Amino acid sequence: MIWLNIVIQGALVGGFYALFACGLSLMFGVLKVINLAHGDMAVVAGYVAVFLSPRLHIPGLWSFLVVVPLFALLGYVVQRTVIQKSIDRDPFTTLLVTFGLSVVIENLLLEMYSANGQSINIGSLIGESWHPASIIYISYVSLAVLAAAVLVLLALQLFLSKSGIGRLIRAVADDQEAAQLSGANYRHVFGIAAAIAFATVALAGIAYGMMTQFAPTSGGVNLLFAFEVVVIGGIGSLWGTLVGGIALGIAQQFGAHINLSYQILAGNILFLAVLAVRPQGLFGRRSSLA
Amino acid sequence: MSAALLEVESLTVHHGQLCAIDDVSFTQRQGEVLAVVGANGAGKSTLLRTIAGLHRPTSGCVRLDGKDINDLSVSRRVALGISLVPEGRRLFSSMTLEENLQVGAYHANPGPFDIKRVYELFDWMPGRRKQSVWQLSGGEQQAVAIGRALVANPRVLLLDELSLGLAPIIIEKIYALVPEILAQGVSILIVEQDVSQGVSAADRVHCLLEGRTSMTGTPAELTSEEIDRAYFGAGLVAPAVTSGVVE
């Protein structure tokens with residue numbers, strides 16, 4: 001029963017990791033940009049939700065309805081301005097620019113909100129859970145986040161495979177020049193991909209704020225987990241991201257069960273093991289066209 | 001066969017320090033097949049890529065219907081009717097055959113070609129439309145690349161090294177399509193390393209040697225010796241060998 005609980009709790013955390021990582025994977029897969037400010041964007045989304053929900057009189061639980069579209073718009077604008085400018089210079093500039101953004105965001109948040117933790121108020125729902133067996137408690141919030149992750153990945157999968165714009169995004173990811181030769185304005189396509197990435201990271205940031213507390217510097221450690229998820233699952237594979245998230249979550253729960261201080265260590269060991277044995281990740285695609 | 005469609009005027013293109021295209025000019029007329037031939041490194045691909053907008057010229061200009069298109073992006077040029085089938089096919093490797101065509105059709109101009117029409121042109125395609133493109137043979141991939149460009153309904157189709165890495169019989173099949181494409185009002189600019197292919201398909205031939213125009217004319221006007229000389233450079237064709245071939 002203890003082991004079942006470890007798997008269940010790991011999967012619940014894993015849902016959050018997957019939601020958090022899919023935007024990072026998309027940005028890297030399509031734009032070839034490693035967004036070092038990805039974690040901070042999630043934190044900003046949390047602060048924006050905390051800021052807006054009392055002012056717009058929307059309950060914290062539903063704040064994502066406003067924040068997610070706002071971040072999609074922000075993603076498009078940031079891509080078409082700051083990130084595109086750095087892509088045009090050279091790939092390494094994007095690392096510097098997103099690292100710079102990360103530093104700026106963290107310090108601005110510290111200046112504005114201090115280092116105190118905040119969370120998104122969802123009332124008594126935070127403590128409620130389903131209790132199917134003696135020691136197994138399934139938090140409704142965590143379950144909702146896992147469900148949201150699955151829904152988001154499913155929607156993203158459908159969008160990328162069935163819609164015209166989705167196909168263009170994949171085309172640009174496969175071969176940017178050939179996509180341009182097929183009439184795609186790749187900057188616009190990049191903007192749309194960034195909008196989706198920012199929307200998902202906003203959702204992840206709000207989920208984080210509901211499940212636990214966040215502070216201006218919370219982005220960094222979560223970004224590390226997101227990288228691990230993407231590497232474990234395989235770059236460019238959406239379902240790999242989900243499996244990677246759940247695998248990391250279970251590994252961490254397992255580590256925590258042995259000794260509370262082994263939680264993060266166990267996740268890192270899984271990450272290194274995958275990197276050593278299967279560097280393309282569990283669902284990674286070998287480049288196929290020679 | 002009259003109005004100038006695509007004009008290249010005094011075009012010079014550099015790759016860093018290297019001058020890949022040096023003061024090249026030509027005119028492609030409506031409904032014409034123009035072949036640009038030349039050895040490896042003569043600047044043929046650079047020429048096509050510059051026309052398509054993938055390279056910026058150092059000087060000179062490219063005009064479509066008399067309008068300077070130097071400052072337009074690749075996608076804007078596709079919208080105006082310039083489609084390039086790039087060297088090496090460059091298909092979208094994570095996609096199926098049909099998805100590749102759908103990407104080409106997404107920003108298509110109105111015109112005679114759509115995915116259905118391409119399926120008529122290549123009758124093996126419908127049965128394999130759900131296959132990943134990397135499962136196709138080189139010749140089939142080349143056909144998909146041509147189809148992907150055709151569905152955009154270009155006015156001028158730029159074909160870069162169609163024959164590269166393909167068996168002669170496949171090359172022949174692909175070149176057999178040229179009249180059908182022309183019949184739909186699409187002009188064709190071919191770049192070929194394989195001179196005989198380029199020359200036999202073309203109305204006019206333009207030969208490049210180390211980035212410069214070394215010869216231009218219709219296939220009827222040109223002897224194979226003239227073409228050899230223009231292709232390899234004057235001093236490089238040994239007389240004995242040439243006469244040996246003639247006898």
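In this predicted model, strand β4 (residues 59-64) of chain B is joined to β5(B) by two bridges, and the two strands run antiparallel. Within this pairing, B:Leu64 lies opposite B:Lys67 of β5(B).

Both strands belong to an open sheet of four strands in chain B, whose order is β2-β1-β4-β5 with antiparallel pairing. Because β2 and β5 (67-68) of chain B stand at the edges and each has a single partner strand, one side of each is left without a neighbour in the sheet. In general, strands of a sheet pair through backbone hydrogen bonds, either parallel or antiparallel.

Helix α1 (residues 44-52) of chain B packs on this sheet, where it touches β1 (4-15), β2 and β4 of chain B. The direction of α1 makes about 65° with that of β2(B).

The loop between β2 (18-29) and β3 (33-38) of chain B contains B:Glu32. This residue, B:Glu32, counts as buried because it has 20 C-beta neighbours inside 10 Å. B:Glu32 and B:Arg49 are 17 residues apart along the chain, and their C-alpha atoms are separated by 20 Å.

The two chains also meet: 19 residues of chain A are in contact with 25 residues of chain B. On the side of chain A that touches chain B, the elements giving two or more residues are α6 (164-174) and α7 (176-181) of chain A. The largest share of that side, six residues, comes from α6(A).

Methods. Residues numbered from 1 in each chain as written. Chains lettered and ligands numbered in written order. Predicted model: local features only at pLDDT ≥ 70, side-chain atom pairs only at ≥ 80, totals over all residues. Buried ≥ 20, exposed ≤ 12 C-beta atoms within 10 Å, placed from the backbone. Pairing = 2+ DSSP bridges. Contact = placed C-beta atoms within 7 Å. Axes fitted to C-alpha atoms, helices over the stretch in contact; angles between N-to-C directions.
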